Amino acid sequence: RLRQSLLGRLPGLSNARRLLSAPPSGMPPDDEKPMFPGSRSSFTTQLDFIHPENFEGIPVYRLVNRRGDLVDGAPEPTLAGNKDLCLQVYETMLQLNIMDKILYDSQRQGRISFYMTSFGEEGIVANAAALNPNDLVFCQYRESGVLMQRGMELERFMDQCYSNDSDMNRGRQMPVHYGSKDHSFVTVSSPLATQMPQASGAAYAFKRMQNGLCVVCYFGDGSASEGDAHAALNFAATLDCPVMFVCRNNGYAISTPTSDQYRGDGIAIRGPAFGIPTVRVDGNDVFALYEVTQQARQLCLTEMRPTLIEMMTYRLGHHSTSDDSSAYRSVDELSFWDREDNPIIRMRKFLTKRGWWSDEQETATKQAIRKRVLQKFAQAEKRLKPNPMEMFSDVWARMPPRLRQQMEDTRRHLEAETSHYPELKNYKPIADVE
Amino acid sequence: YLIPLSSSHYPVNQTTMHRPSLSACQLILRSFGRSGGNIVASRRFASSMNVRDALNSAMKEEIERDPNVFLMGEEVAQYEGAYKVSKGLWKLMGDKRVIDTPITEMGFAGLAVGAAMAGLRPICEFMTFNFSMQAIDHVINSAAKTYYMSAGDVKVPIVFRGPNGAAAGVAAQHSQDFASWYSHCPGLKVVSPWNSEDARGLLKAAIRDNDPVVCLENEMMYGVSFEVSPECESKDFLIPIGKAKIEIPGNHISLISYGKFVGLCVEAAAELAKEGIQCEVLNLRTLRPLDEEAIVKSVMKTHHVVTVESCWPQCGMGAEIAARIMESQAFDYLDAPLTRMTGADVPMPYAQALEAAALPQVADIVRVVRRTLNRAAK
């Protein structure tokens with residue numbers, strides 16, 4: 001007590017006081033540092049609530065601005081050093097955009113039942129370009145760009161949307177619910193954010209396997225509100241899982257603007273709360289995206305821990321073909337982003353200024369892409385639907401006798417009453433043996 | 001079909017039936033033997049094992065056998081399991097194979113499914129299946145449906161296990177029987193062991209199965225010991241999923257049940273045997289796929305059937321069994337309608353006497369059998 005009172009009167013020795021007051025083992029602790037389990041801060045006599053409004057938001061990492069110029073003082077982006085990759089990324093974004101337009105229109109014409117576009121968020125192609133093709137991807141539904149960058153053929157997108165006999169999902173999924181083992185892309189699952197704890201679990205498995213790969217998990221600003229998101233981030237951190245979480249913050253969850261979705265500083269602020277290294281990036285700047293993805297991947301694998309990337313972007317299209325966003329946002333807002341700030345337009349400006357692209361190339365490339373897409377589209381539309389008997393397979397690893405019986409009963413019925421089922425002519429023959 | 005409760009059966013000071021009746025059950029087993037009924041036991045038993053140890057040893061052996069198998073759940077590691085089912089496993093296997101999770105069923109079920117999708121074979125423990133409701137989206141939408149919806153691309157070889165149904169005095173949110181809910185879903189397999197042999201064989205089979213399997217145990221059975229055959233102690237002892245077992249053969253009436261209630265059927269059978277009524281006790285063992293063949297065969301033999309479960313009456317297991325019998329040739333062999341004995345159609349009350357009144361008891365089974373066979377009460 002004497003020592004304490006002496007030291008207390010000598011301000012210069014306050015540091016020493018902290019050192020000296022480390023409790024010897026067995027003795028009750030002194031009041032200098034909080035001893036609560038897991039505590040790592042100090043005591044204070046200043047009563048200050050942390051007011052979130054007093055903090056400027058986490059800054060947005062950006063290298064190339066809206067005019068397509070490298071920002072003053074910005075380092076040369078890695079992606080910009082690879083002309084071929086730049087052009088490939090750009091053309092892939094164009095292809096995604098054009099395919100989206102054609103498939104969206106086809107839904108309006110009643111040719112497919114449903115569709116979701118990636119308008120305004122094509123930059124995700126650059127994010128995928130920085131990954132290892134074997135990194136396992138769990139996504140939400142607006143990440144077709146990742147599959148396209150990984151080389152999934154055009155026709156497979158359309159076959160899935162048409163649920164025809166070449167559909168990778170055998171007619172069991174709504175359109176845009178792609179999946180491809182070959183491309184390390186887990187089949188899209190509708191319930192929101194369920195892919196997030198799954199991604200943490202898969203990353204845990206990868207850690208166990210020591211395969212030098214990471215897991216990448218995409219989710220939206222709305223999905224981040226799900227309970228699953230909290231659990232996924234928390235688990236990834238506590239179990240030290242090599243998973244890169246990528247949040248596409250595009251401003252809207254169907255009609256819910258982010259101002260109604262959360263009160264905090266977006267999703268990025270939640271990362272550090274869970275103990276996860278985090279960065280916020282301009283999702284419409286492909287160069288910045290490529291850079292952060294590379295770095296995040298490195299971090300995941302060298303430190304064996306999760307990372308969080310919040311890519312800020314804007315959803316130019318409707319949520320889906322079941323949505324009309326003019327009901328909840330202004331035409332002015334939309335046309336600003338459409339004209340000035342989206343991944344395609346900004347990259348185009350950069351490439352043109354570099355002398356790597358021209359208006360002629362733009363026109364010619366778009367024409368070629370459109371022709372290619374329309375050709376594949378026509379082919380997909382003509383293909384027959386799968387054999388209806390496929391409805392019964394893959395429920396379990398092996399078809400149980402009772403289900404087989406149901407399948408045989410159905411087959412016999414359809415064969416006997418074909419005249420009552422005219423639509424069967426659009427399907428592969430029932431008699432085909434699997 | 002609901003058993004009317006009369007106060008004469010349930011004096012206010014009656015203690016929980018389960019423990020005293022279970023020791024009677026063990027006596028029954030010893031006198032009837034494994035092959036059951038009126039046949040004198042000829043098989044020798046290797047040893048006695050309780051259900052907890054059966055589950056524990058099954059998990060231990062499977063984790064040792066396959067490097068991809070691991071256990072995760074709340075309190076499973078250092079605490080050795082909320083009900084000590086994973087006793088000793090963490091000490092033996094370490095952090096990589098036995099993992100404690102934060103309290104989020106939604107989170108760890110999702111995580112386990114993801115690990116299975118990436119090639120591991122998790123055993124995901126729910127402290128009770130009541131809490132699985134917080135994770136049920138992952139069990140159904142992430143696990144059960146995924147192989148189908150990905151056309152075979154994504155496999156989910158996971159086991160969800162834990163105690164199911166009523167314990168003693170834990171009230172409505174801790175006492176629900178989920179047999180109906182899970183066996184409803186295509187893509188899942190659902191097993192429900194009764195005794196130690198069931199527990200060992202079914203859990204091992206579930207872990208080795210490539211489909212998602214739900215294993216519904218019962219807390220009240222964990223401490224109960226049963227004689228087990230020498231085969232049961234083998235590291236490769238497996239019980240085929242989808243096959244029921246005749247615990248006691250009989251000619252007069254089929255008692256069809258699963259889990260803890262098989263024990264009550266066995267006790268009722270013993271009591272009824274004294275008056276010359278031969279009950280055939282059919283232990284379903286698997287709820288999905290249901291062993292319809294065994295059910296039909298039994299009913300065709302006995303012409304009378306009573307099902308016993310703790311699910312609520314509407315859309316319970318008894319309802320499914322009744323429908324299957326009607327849809328099969330066994331319908332023409334029935335001499336009386338099926339009676340389904342179920343839990344009372346109320347959330348489980350807490351008070352001991354009320355809880356006892358809300359579940360089928362041995363005396364209820366005996367009375368219903370007599371009624372079905374048109375025998376007057378003794």
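Two strands are said to pair if DSSP finds at least two bridges between them. Helices (H or I, at least four residues) and strands (E, at least two) are DSSP runs, numbered from the N terminus.

What I am showing is a predicted model, in which local features need pLDDT of at least 70 and side-chain atom pairs count only at pLDDT 80 or more, while totals for chains, interfaces and linings use all residues. Residues are numbered from 1 along each chain as its sequence is written, chains are lettered from A and ligands numbered from 1 in the order in which they are written, and side-chain values use heavy atoms, leaving out hydrogens and water.

I start with chain B. In chain B, strand S2 (residues 69–73) and strand S4 (residues 121–125) pair in the parallel sense over 5 bridges. Here B:Leu71 stands opposite B:Ile123 in S4(B).

Helix H4 of chain B, residues 105–117, packs on the sheet and touches S2, S4 and strand S5 (159–163). Contact means heavy atoms within 4.5 Å. The direction of H4(B) makes about 165 degrees with that of S4(B); axes are lines fitted to C-alpha atoms, for helices over the stretch in contact, and angles run from 0 to 180 degrees between N-to-C directions.

Now the whole sheet. It is open, with 7 strands of chain B in the order S3-S2-S4-S5-S7-S6-S12, and its pairing is mixed. Strand S3 (98–100) and strand S12 (286–288) of chain B each have a single partner strand, so one side of each is left without a neighbour in the sheet.

Next, the interface. How many residues of chain B are in contact with chain A? There are 47, and they meet 38 residues of chain A. Together the two chains bury about 3200 Å², 63% of it on carbon and sulfur atoms. Buried area is the accessible area (1.4 Å probe) that two parts lose on being put together, summed over both. On the chain B side, B:Leu111, B:Tyr148 and B:Met149 lose the most area to chain A, together 20% of what that side buries.

Between chain B and chain A the count is 2 salt bridges, each a side-chain nitrogen of Lys or Arg within 4 Å of a carboxyl oxygen of Asp or Glu. A:Arg402 forms a salt bridge with B:Glu292, with the closest N and O atoms 2.6 Å apart.

Which helix gives the most to the side of chain B that touches chain A? H4(B) does, with 9 residues.
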